[in-house]
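Reader: I would like to learn how to read strands, helices and chain contacts in a model. Please take them one at a time.

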There are 2 protein chains.
Amino acid sequence: MAQEKKLVEEITSMEADFAQWYTDVVKKAELIEYSSVKGCMIIRPYGYALWENIQRQLDADFKDTGVENVYMPLFIPESLLQKEKDHVEGFAPEVAWVTHGGDEKLQDRLCVRPTSETLFCDFYSNIIQSYRDLPKLYNQWCSVVRWEKTTRPFLRSTEFLWQEGHTAHATEEEANERTIQMLNVYADFCENVLAIPMIKGKKSDKEKFAGAEATYTIEAMMHDGKALQSGTSHDFGDGFAKAFDIQYTDKNNQLQYVHQTSWGMSTRIIGAIIMVHGDNSGLVLPPRIAPIQAMIIPIAQNKEGVLDKAYEIKNKLKDFKVRVDDSEKTPGWKFSEQEMRGIPIRIEIGPKDIEKNQAVVVRRDTREKIFVSLDEIEIKVEEILENMQFDMLSRAKAHRDSHTYSAKNMEEFEQIINNKPGFIKAMWCMDQDCEKEIKDRTGATSRCMPFEQEHIDDNCVCCNKPAKTMAYWGKAY
Amino acid sequence: MAQEKKLVEEITSMEADFAQWYTDVVKKAELIEYSSVKGCMIIRPYGYALWENIQRQLDADFKDTGVENVYMPLFIPESLLQKEKDHVEGFAPEVAWVTHGGDEKLQDRLCVRPTSETLFCDFYSNIIQSYRDLPKLYNQWCSVVRWEKTTRPFLRSTEFLWQEGHTAHATEEEANERTIQMLNVYADFCENVLAIPMIKGKKSDKEKFAGAEATYTIEAMMHDGKALQSGTSHDFGDGFAKAFDIQYTDKNNQLQYVHQTSWGMSTRIIGAIIMVHGDNSGLVLPPRIAPIQAMIIPIAQNKEGVLDKAYEIKNKLKDFKVRVDDSEKTPGWKFSEQEMRGIPIRIEIGPKDIEKNQAVVVRRDTREKIFVSLDEIEIKVEEILENMQFDMLSRAKAHRDSHTYSAKNMEEFEQIINNKPGFIKAMWCMDQDCEKEIKDRTGATSRCMPFEQEHIDDNCVCCNKPAKTMAYWGKAY
């Protein structure tokens with residue numbers, strides 16, 4: 001029992017210190033371990049199993065739209081990185097430089113890729129000649145490095161895992177369609193699989209990707225009311241094509257520049273899963289992404305027939321990811337572990353349950369206890385997991401909506417930002433000076449100009465001149 | 001027709017220049033493209049699809065033995081790399097060094113991982129305390145970097161993709177068992193899936209991994225008679241554990257060092273698939289690893305009903321990876337492409353075939369034409385693919401066996417090595433001086449001391465002193 005207490009006691013409550021709660025959960029649920037390499041984390045088996053599930057499902061979604069996977073080099077020669085002016089300005093300050101190979105000093109320094117636009121452009125300039133070669137719809141799963149001063153597991157680390165899609169198209173329209181298509185793939189995946197509702201919209205010019213004509217984003221609200229940019233999709237127009245000379249001959253034998261996109265989602269999304277769904281007992285994982293969906297915990301497992309029955313139930317549930325915890329720990333200790341790891345349901349089975357031909361199913365999110373006849377356990381487990389998946393999305397939506405406010409002027413804006421964590425909807429003239437002033441005065445950044453616009457007022461919340469858009473504002477990770 | 005000729009003409013024949021044939025195939029089959037980064041290749045969709053198939057099957061094999069996946073940092077601090085003496089001596093001369101993060105010069109240089117023993121050891125020293133924490137059976141899929149002077153696609157490149165398994169065990173026996181177990185996983189995968197027969201054995205001390213007590217290897221013979229080391233499994237004993245202080249308390253509460261293993265297979269194996277099975281028309285892929293198993297090629301596809309029938313066949317073959325080539329190219333051009341890409345079978349369907357309710361199935365390896373009734377095409381395709389898989393392994397075995405010789409003295413050895421490409425079986429005293437002399441005189445290295453020993457003679461082929469082992473010798477990639 002001493003041990004049991006310890007497991008729970010060591011988590012800081014989210015109300016007391018949300019940042020510390022987060023750090024406690026990632027460590028105690030054994031998602032990550034810190035490494036000897038500053039700013040780099042070790043992703044442990046349970047964390048990596050989550051990432052593998054994300055990969056498997058997203059990768060299938062990509063392939064359904066015609067995307068093919070490739071692998072590009074880890075290194076980018078300095079001369080290549082410098083070809084697109086905005087891009088190099090955005091990334092050069094935060095890259096790791098390789099200067100020596102073995103004992104030999106390199107002529108042209110190599111940076112460890114922070115993102116691979118320049119490599120894909122170089123590649124495309126070699127393999128695209130004719131309109132018949134288009135579109136190119138390539139993606140890679142890899143790690144990238146950005147030299148970060150302050151790091152946090154999953155949210156901001158020197159090295160992180162991600163996918164980066166890079167496409168080349170004959171026309172501007174097709175590139176724009178692809179940009180939006182992939183944003184929708186991300187948003188649908190987050191809603192349907194991760195139970196995280198997303199706001200889809202366009203980034204301001206200040207917040208857009210270095211080198212992009214337009215950046216689109218999906219933004220989620222964490223439990224503490226802060227925003228997490230969860231995936232982005234960039235429309236490059238023909239800017240990179242001109243810098244890298246990527247041309248094709250069209251059907252009329254005329255040379256044309258291609259139009260490009262890129263889009264990425266990273267291990268950062270694991271941070272969102274934790275901060276949207278977690279509670280003071282640890283992780284809460286949506287059933288559709290959980291590496292283990294049900295943990296069967298035998299009660300009085302030394303009594304005859306209990307373990308056999310536990311494994312009998314496991315065999316009945318072969319369509320689900322189920323384990324039996326038959327370790328020597330106490331049931332209470334096992335409950336705490338199952339809760340800490342966010343396993344969607346636990347199935348308790350003891351001598352009394354066996355007598356009644358039942359098991360007790362406990363939902364991780366609501367802690368609801370459901371008595372289920374062993375004759376219908378497959379169908380009931382399926383139903384409970386489906387309900388849980390649905391309820392988690394509903395709760396996340398309700399939380400977001402109840403923490404979203406409107407402001408018509410800076411007094412209202414400041415009043416809200418200083419007292420109520422969450423998002424603020426406010427009109428904007430789209431002038432960068434106003435964006436900067438809002439950030440300086442409140443700490444809130446423009447999250448996006450959502451596709452679903454609302455009319456809050458006629459004028460900009462900051463300068464009171466005529467507004468051009470409604471934007472979401474908030475403090476962000 | 002001009003185009004058709006070009007596709008075939010551009011491949012050098014393997015008899016004229018095997019190295020050039022290899023380069024032609026990897027380029028023309030669109031497996032890779034060279035990049036602007038010296039020694040780094042771009043793996044194109046068809047090449048990456050091959051790697052994905054390898055990954056999927058090997059990963060399942062690993063997990064069946066209890067292995068879990070993790071992800072470790074890309075970088076190793078210089079101080080960490082230096083902890084195990086033999087290991088740093090083996091790898092330091094060929095690593096890429098990161099000296100700057102952004103504008104800031106690093107205190108402790110970081111090398112880009114050439115392999116991750118040191119990181120896993122550092123990790124294990126933090127998470128292993130008790131015998132209850134053992135074994136740890138971790139693996140990661142990632143890229144590694146080794147600064148190579150001369151590089152060749154898949155066979156030797158500055159960066160390559162691989163998996164590296166790292167395990168920690170309570171006892172020496174358990175570690176040794178795991179080392180052999182994983183070698184067998186590799187060998188079985190190569191034989192059963194890649195149709196490549198392997199010789200399993202132990203590396204000489206000279207050829208073993210830097211820091212290992214023993215290295216085991218699987219060695220394959222390429223079409224030109226050279227050896228390709230295709231996968232290795234290392235038994236570390238407690239050497240790394242002592243250098244990194246990885247100790248656990250056993251059941252008697254005594255501190256003990258763990259015993260470790262590591263094992264890896266890389267994209268190099270794709271080079272083996274090419275060089276074992278390929279021919280002068282291009283790749284020949286074993287059905288069980290091919291990204292596309294059958295290409296349906298309509299003949300006179302503009303005639304009514306032909307394309308419909310082609311798609312009808314595709315639908316019937318939904319258990320296989322099948323495509324229809326309905327592009328505007330000529331059938332002859334499509335045949336050449338299917339052959340170049342090594343797609344195991346093509347299915348020709350034209351108006352005359354439709355009249356006879358048949359299709360013509362052509363095997364890529366033997367070019368055998370098989371007339372198949374459309375009523376039994378599913379079962380026939382399955383049978384043909386299975387036969388082809390089996391025949392490819394048999395042919396590779398026969399080729400290896402007919403190019404394997406025995407030598408009792410250096411005269412015989414030199415006579416063979418200078419005239420007949422292949423492997424030489426010869427006795428050895430296990431003295432490194434003899435190993436060196438053989439290499440200096442003949443260019444052949446000791447490939448392995450095979451598990452299946454034969455008695456060729458009593459004495460060492462080189463010094464004529466009593467022999468301790470039979471070894472395979474050969475020129476190698």
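Author: Start with pairing: two strands pair if DSSP finds at least two bridges between them. Helices (H or I, at least four residues) and strands (E, at least two) are DSSP runs, numbered from the N terminus. Here five bridges join strand E15 (residues 294-298) of chain B to strand E17 (residues 345-349) of chain B, and the two run parallel. B:Pro298 stands opposite B:Ile349 in E17(B).

Reader: What should I know about the model and its numbering?

Author: The model is predicted: local features need pLDDT of at least 70, side-chain atom pairs count only at pLDDT 80 or more, and totals for chains, interfaces and linings use all residues. Residues are numbered from 1 along each chain as its sequence is written, while chains are lettered from A and ligands numbered from 1 in the order in which they are written.

Reader: In what order do the strands of the open sheet in chain B lie?

Author: Strands of a sheet pair through backbone hydrogen bonds, either parallel or antiparallel. In chain B, five strands form an open sheet in the order E16-E15-E17-E18-E19, with mixed pairing. Strand E16 (322-324) and strand E19 (369-373) of chain B are the edges, each pairing on one side only. From one strand to the next the twist averages 25°.

Reader: Which helices lie across E15(B), and at what angles?

Author: Axes are lines fitted to C-alpha atoms, for helices over the stretch in contact, and angles run from 0 to 180 degrees between N-to-C directions. Contact between two residues means that their C-beta atoms, placed from the backbone, lie within 7 Å. Helix H10 (residues 306-316) of chain B lies across E15, E16, E17 and strand E18 (358-363) of chain B, at about 165° to E15(B). H11(B) lies across E15 and E17 of chain B, at about 175° to E15(B).

Reader: What comes just after H11(B)?

Author: There, B:Gly342 takes a positive phi of about 70°.
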